[in-house]
Protein chains: 2
Amino acid sequence: VSVLHRFTGTVHTFDWEGAEAHSYQDAGTRGASGLVILSRKDGAHNFVFRYFRVEPGGWTRLEQHSHDHGVMILHGRACVRLGEREVEAGPRDLIYIAPEEEHQLRTVGDEPLGFLCVILPKDDGVQRGTG
Amino acid sequence: VSVLHRFTGTVHTFDWEGAEAHSYQDAGTRGASGLVILSRKDGAHNFVFRYFRVEPGGWTRLEQHSHDHGVMILHGRACVRLGEREVEAGPRDLIYIAPEEEHQLRTVGDEPLGFLCVILPKDDGVQRGTG
């Protein structure tokens, strides 16, 4: 069944109906938190939509893994590390983070950074395309 | 390799570096057009990010198919048909359109509607998760 997760945030605090906290903070992050907006719980077996927020002066974990990310910046500005490169990105910029590419997002400036991050779900035994 | 598609639009016209027109207009649509922002051309084999714009008074095609969609409204307001239901959605609302659910988006009000639509790529012989 299709599902609507209505946006319930303000310009300063993004949130969605039915979104759940994504446990994310650890020693490798600073001022970063996450929400899972759309997932297998909604019956969505092909992708997961998550929102991450990073406070000014903060960063996400430096990661390198076999899965890829589709990232759209929603608010604020980011310095995005992509392997040996660094690029700056702002609202509505779309970043494809390839498998095995080392990556990290840091907030640039005084506004909190917020971005959408789409990934495939972890293997759940459901064949792709069979819904 | 990771890729940045920088947003190059304005508040009235959304566009991205490297985005390509997605041939979409047909008899079943009105005032609708599409862009492919991120796809297999970027090396992304697990998902496709597309942007659709629907002018005031317009609509997308009424569709029903086996693949699902993750949709985030970027601007304007939509009346979204989901099977027998209709819901209204606005900026940052996230809609999961389940497989086989009949769906159509119509613009509500005087502003053009714009939304991000994530799908799996059509089968390309590349195994999921192998990148």
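**Exercise 1. Locate Q64(A) in chain A and list what Q64(A) contacts.**

Solution. Start with the element. In this predicted model, Q64(A) sits in the loop that joins β4 to β5 (69-75) of chain A. Next, set aside neighbours within four places in sequence. The contacts of Q64(A) are then E100(A), E101(A), E102(A) and H103(A). Last, check a distance. A78(A) is 14 residues from Q64(A) in sequence, and their C-alpha atoms are 18 Å apart.

**Exercise 2. Find which residues other than glycine have a positive phi, taking R92(B) and E100(B) in turn.**

Solution. Begin with the background. Most residues other than glycine have a negative phi. Now take R92(B). Its phi is positive, about 75°, and R92(B) is not a glycine. R92(B) lies in the loop between β7 (85-89) and β8 (94-97) of chain B. Its relative accessibility is 30%, so R92(B) is partly exposed. Then take E100(B). Phi of E100(B) is also positive, near 70°. The loop between β8 and β9 (103-108) of chain B holds E100(B). With a relative accessible area of 45%, E100(B) is partly exposed.

**Exercise 3. State how chain A is superposed on chain B, and name the relation.**

Solution. Two copies of a chain are related by a rotation about an axis and a shift along it. Read off both parts. Here the rotation is 180° and the shift along the axis is 0.0 Å, with an RMSD of 0.0 Å. Therefore the relation is that of a two-fold axis. Now compare the contact surfaces. Both copies use the same surface, and 100% of the contact residues of chain A recur in chain B.

**Exercise 4. Trace the contacts of R92(A) and W16(B) across the two chains.**

Solution. Start at R92(A), in the loop between β7 (85-89) and β8 (94-97) of chain A. R92(A) has a relative accessible area of 30%, so R92(A) is partly exposed. Leave out residues up to four places away in sequence. R92(A) then touches M72(A) and I73(A), along with F7(B), F14(B) and W16(B). M72(A) is 20 residues from R92(A) along the chain, with 5.7 Å between their C-alpha atoms.

Move on to W16(B). Now place W16(B) in a core. The largest nonpolar core has 37 residues, and W16(A) and W16(B) have the most contacts inside it.

**Exercise 5. Describe the second largest pocket by volume, lining and residue classes.**

Solution. Take the volume: about 220 Å³. Take the lining next. Chain A supplies R92(A), while F7(B), T10(B), V11(B), H12(B), F14(B), L74(B), H75(B), E111(B) and P112(B) come from chain B. Finally, sort the lining residues: five are nonpolar, three polar and two charged.

Methods. Residues are numbered from 1 along each chain as its sequence is written. Chains are lettered from A and ligands numbered from 1 in the order in which they are written. This is a predicted model: local features need pLDDT of at least 70, side-chain atom pairs count only at pLDDT 80 or more; totals for chains, interfaces and linings use all residues. Side-chain values use heavy atoms; hydrogens and water are left out. On a 1 Å grid over the protein atoms alone, a cavity is a set of points where a 1.4 Å probe fits but cannot get out, and a pocket is an open set with protein on both sides within 12 Å along at least five of seven lines; lining residues have an atom within 4 Å of a point. Grid points are joined across faces, edges and corners, and a volume is the space filled by probe spheres set on the points. Ala, Val, Leu, Ile, Met, Phe, Trp, Tyr, Cys and Pro count as nonpolar, Asp, Glu, Lys and Arg as charged, and the others, Gly among them, as polar. Copies are superposed by least squares on the C-alpha atoms of residues with pLDDT of at least 70 in both. Contact means heavy atoms within 4.5 Å. A nonpolar core is a set of buried Ala, Val, Leu, Ile, Met, Phe, Trp, Tyr and Cys residues joined through side-chain atoms within 4.5 Å. Buried means under 20% relative accessible area, exposed over 50%, partly exposed in between (1.4 Å probe, protein chains only). Helices (H or I, at least four residues) and strands (E, at least two) are DSSP runs, numbered from the N terminus.
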